[in-house]
Amino acid sequence: MATVQPGSFLTLHYRLAGPAGDVINTFNDKPATLTLGNGELSPALEQRLLGLEDGERASFDLAAGEAFGPRNAEMQQWVARQMLNALGDPDEQYAIGDVATFPTPDGQGSYAGSVIEVRESDGAVRFDFNHPLAGQPVTFEVHVIGAL
């Protein structure tokens, strides 16, 4: 029976939940696949997987900020309407709670931010780029289907 080790390729179901409920839950859909150590999960979550065996189920409670760090006020930023128009649909309307995706500077990936404020005067939008569970206690439930 295979055991999860650093660098393992995993197929698993997992659920991440904070005080307001689930943020990610693959148990009712296809399982996730990932490689440990590639940054697909936070280091604190990856650490909990080490030593688990194929077929094993486990649940972990992580203290506030342990899974995704503390909330960082500098991760809340205003984005000018002109930039939003250049990156997407100029007619896009933003509302508090919406999530928008932005390209990374190198164009190779993307990151997301949730709308926390819209300024009517100039259409600028304030986004929170913190992970939704940053600064919160997290429950991490996992079912390891297979480890290579």
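With which residue does Asp128 form a salt bridge? The partner is Arg71, and the closest N and O atoms of the two are 2.2 Å apart. Please bear in mind that this is a predicted model. The pair links distant parts of the chain: Asp128 belongs to strand β8, residues 125–128, while Arg71 lies in the loop between β4 and β5, 57 residues apart. Is Asp128 buried or exposed? Asp128 counts as buried because its relative accessible area is 6%, and buried means under 20%. Arg71, in contrast, is partly exposed, at 39%.

The chain holds two helices and nine strands, and along the sequence they follow the pattern β-β-β-α-β-β-α-β-β-β-β. The C-alpha atoms fill a box of roughly 60 × 30 × 25 Å along the principal axes. Of the 148 residues, 34% count as buried. Among contacts with a separation of 6 or more, 62% are between residues 24 or more positions apart.

I return to the salt bridges, of which there are six. One of them joins the side chains of Arg48 and Glu66, at 2.4 Å from N to O. This pair, too, links distant parts of the chain: Arg48 sits in helix α1, residues 43–49, and Glu66 in the loop between β4 (57–62) and β5 (76–79), 18 residues apart. Arg48 is partly exposed, with a relative accessible area of 22%, and Glu66 is also partly exposed, at 36%.

Another salt bridge connects Glu117 and Arg126, at 3.5 Å from N to O. Glu117 has a relative accessible area of 34% and is partly exposed; Arg126, at 23%, is partly exposed as well.

Finally, I turn to charge on the surface. Which residues gather in a patch of negative charge there? They are Asp89, Asp91, Glu92 and Asp98. Asp89 lies in the loop between α2 (81–87) and β6 (99–103), and is partly exposed, with a relative accessible area of 40%. Over the whole chain there are 8 positive and 20 negative charges, and the mean positions of the two groups are 3 Å apart. The chain exposes about 8,600 Å², of which carbon and sulfur atoms supply 50%.

Thank you for your attention.

Conventions:
Residues are numbered from 1 along each chain as its sequence is written. This is a predicted model: local features need pLDDT of at least 70, side-chain atom pairs count only at pLDDT 80 or more; totals for chains, interfaces and linings use all residues. Side-chain values use heavy atoms; hydrogens and water are left out. Patches are made of residues with over 30% relative accessible area and no salt bridge: like charges are joined within 9 Å, nonpolar side chains (Val, Leu, Ile, Met, Phe, Trp, Tyr) within 5 Å. Accessible areas come from the Shrake-Rupley method with a 1.4 Å probe; for residues, only the protein chains shown count as cover. A salt bridge is a side-chain nitrogen of Lys or Arg within 4 Å of a carboxyl oxygen of Asp or Glu. Lys and Arg count as positive and Asp and Glu as negative; His and the chain ends are not counted. The place of a charge is taken as NZ of Lys, CZ of Arg, CG of Asp or CD of Glu. Helices (H or I, at least four residues) and strands (E, at least two) are DSSP runs, numbered from the N terminus. Buried means under 20% relative accessible area, exposed over 50%, partly exposed in between (1.4 Å probe, protein chains only). Contact means heavy atoms within 4.5 Å.
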